[in-house]
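I opened this structure with a notebook beside me. Below is what I looked up, in the order I went.

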Amino acid sequence: MIDFRYHLVSIISVFLALAVGIVLGAGPLKQPIGESLQSQVDSLRSDRDDLRTKLDTANGSIDKLNTYITESAPALLTDTLKGTKVTLVSTPNTPSQTIKNVQGRLEDAGATVSDGGQLTPESLKPEESDKAIAALKEIDPKLPADPREAFEKAIAQAYAGEHEGAYNPDQATKVIDELRSAKRLNGGSYARADVVVFLLGDSTEEDAQPVDDYTGLLTELGATAPTVASGTVDSGSQGAVKQLRDRKVPATTVDGVDLSAGTVITALAVADLQSTKKHQSYGFADSAKALVPNPLPEPRKG
């Protein structure tokens, strides 16, 4: 009976509280509450309108810069990469048109571009990796015991051209062949590279490799060969490119590759890295130090 009375009193109290709330809300508190809610709604609408105005302004500025850099591309790029060998590698979620556009800009600048292939969603995964790791360790017995670290090092050293610390051409060719055989790489072949351009697509597909998983790979690659990593405008604000910048990965980074200007900036970044030997960050995002290299790369002779 005590328990029943307790629950009965509790239920009556709840209904009394609701009744009081309804009476007050419909009576003396109706106007203050209504005015308060209306004030909050008005404030939110004002904030929304301000943000929309700022976004429109920012997008307008990006559009103008994009148009200017794109129209200036021939003057900016001519012979800046003359005689330079570039290997182009991409993540599984990089649009084919983006790859084609970047290759075109590099060639406009005078570079010889080799297809390094496109990584697959399984490229760095440790699952079902025993056979592939065993084959890679026959090529390089010094690979780390951890499967992910082993894949990162093997891929990085295979693409690092003939720079000090990289695999020799025979080793690199065998590693790339093995990665293709294990379905951890689509296409691609070995080529000596002066610079490696690594394209980071959007992480939107459910089966796509998480963007931050490429940090270790790019750390390995950038420590051996001059590397430029390019991603979208958004990736420079909250994605892969920003992560690379925050973690100070030894590579030049570019955001905006989804825009025409971003492909031009990528080519300029390659030329700048070759000339200065310093890692920089270029693009439209706040995390970039500058939009384009300053001073701009000069045409190469010979």
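**Positive phi**

I began with Lys183, which is exposed, with a relative accessible area of 64%. This model is predicted. Lys183 sits in the loop between helix H7 (169-181) and strand E3 (185-186). Its phi is near 60°, a positive value in a residue other than glycine. I noted the background: most residues other than glycine have a negative phi.

Next I turned to Glu128. Is Glu128 buried or exposed? It is exposed, because its relative accessible area is 82% and the cut-off for exposed is over 50%. Glu128 also has a positive phi, of about 50°, although it is not a glycine. I found Glu128 in the loop between E2 and helix H5 (130-139).

**A cis bond**

I then checked peptide bonds. The one from Asn294 to Pro295 is cis, with omega near 5°. Pro295 belongs to the segment after strand E7 (281-282). Most peptide bonds are trans.

**Helix H6**

I checked the length of helix H6, residues 147-159. How far apart are its end C-alpha atoms? They are 18 Å apart, and 13 residues at 1.5 Å a residue should span 18 Å, so the two values agree.

I looked at the start of H6. There a side-chain oxygen of Asp146 comes to within 3.2 Å of the backbone nitrogen of Arg148. Just after H6, Gly161 takes a positive phi of about 65°.

I listed the buried residues of H6. They are Ala150, Phe151, Glu152, Ala154, Ile155, Ala156, Gln157, Ala158 and Tyr159.

I moved to the strands. Strand E1 (residues 85-90) runs parallel to E2, and six bridges join them. One pairing I wrote down is Val89 with Gly117 in E2. From E1 the chain crosses through helix H4 (residues 96-108) to E2, and this β-α-β crossover is right-handed.

How do E2 and E3 run, parallel or antiparallel? They run antiparallel, joined by two bridges. Leu119 has Leu185 in E3 as its bridge partner.

**Asp115**

I stopped at Asp115, a residue of strand E2 (residues 112-119). Its side chain reaches the backbone nitrogen of Gly117 at 2.8 Å. I left aside neighbours within four places in sequence and looked for other contacts of Asp115. Those are Leu88, Gly188 and Ser189. I also took the distance from Asp115 to Ser90. The two are 25 residues apart in sequence, and their C-alpha atoms are 9.5 Å apart in space.

**The cores**

I finished with the nonpolar cores. As a rule, nonpolar side chains in soluble globular proteins tend to be buried together.

Which residues touch the most other members of the largest nonpolar core? They are Phe198, Leu200 and Leu218, in a core of 39 residues. H5, H6, H7, strand E4 (195-199), helix H8 (214-224) and helix H10 (240-246) each supply at least two residues of this core. H6 gives the most, with seven residues.

Not counting residues up to four places away in sequence, it touches Val89, Thr91, Leu119, Tyr214, Leu217, Leu218, Leu221, Val228, Ala229 and Ser230.

Notes
Residues are numbered from 1 along each chain as its sequence is written. This is a predicted model: local features need pLDDT of at least 70, side-chain atom pairs count only at pLDDT 80 or more; totals for chains, interfaces and linings use all residues. Side-chain values use heavy atoms; hydrogens and water are left out. Helices (H or I, at least four residues) and strands (E, at least two) are DSSP runs, numbered from the N terminus. The expected span of a helix is 1.5 Å times one less than its number of residues. Buried means under 20% relative accessible area, exposed over 50%, partly exposed in between (1.4 Å probe, protein chains only). A polar contact is a pair of N or O atoms within 3.5 Å; within protein, one must be able to donate a hydrogen and the other to accept it, and residues adjacent in sequence count only if both atoms are side-chain atoms. Contact means heavy atoms within 4.5 Å. Two strands pair if DSSP finds at least two bridges between them. A crossover is right-handed if, with the strands pointing away from the viewer, the path from the first strand over the helix to the second runs clockwise. A nonpolar core is a set of buried Ala, Val, Leu, Ile, Met, Phe, Trp, Tyr and Cys residues joined through side-chain atoms within 4.5 Å.
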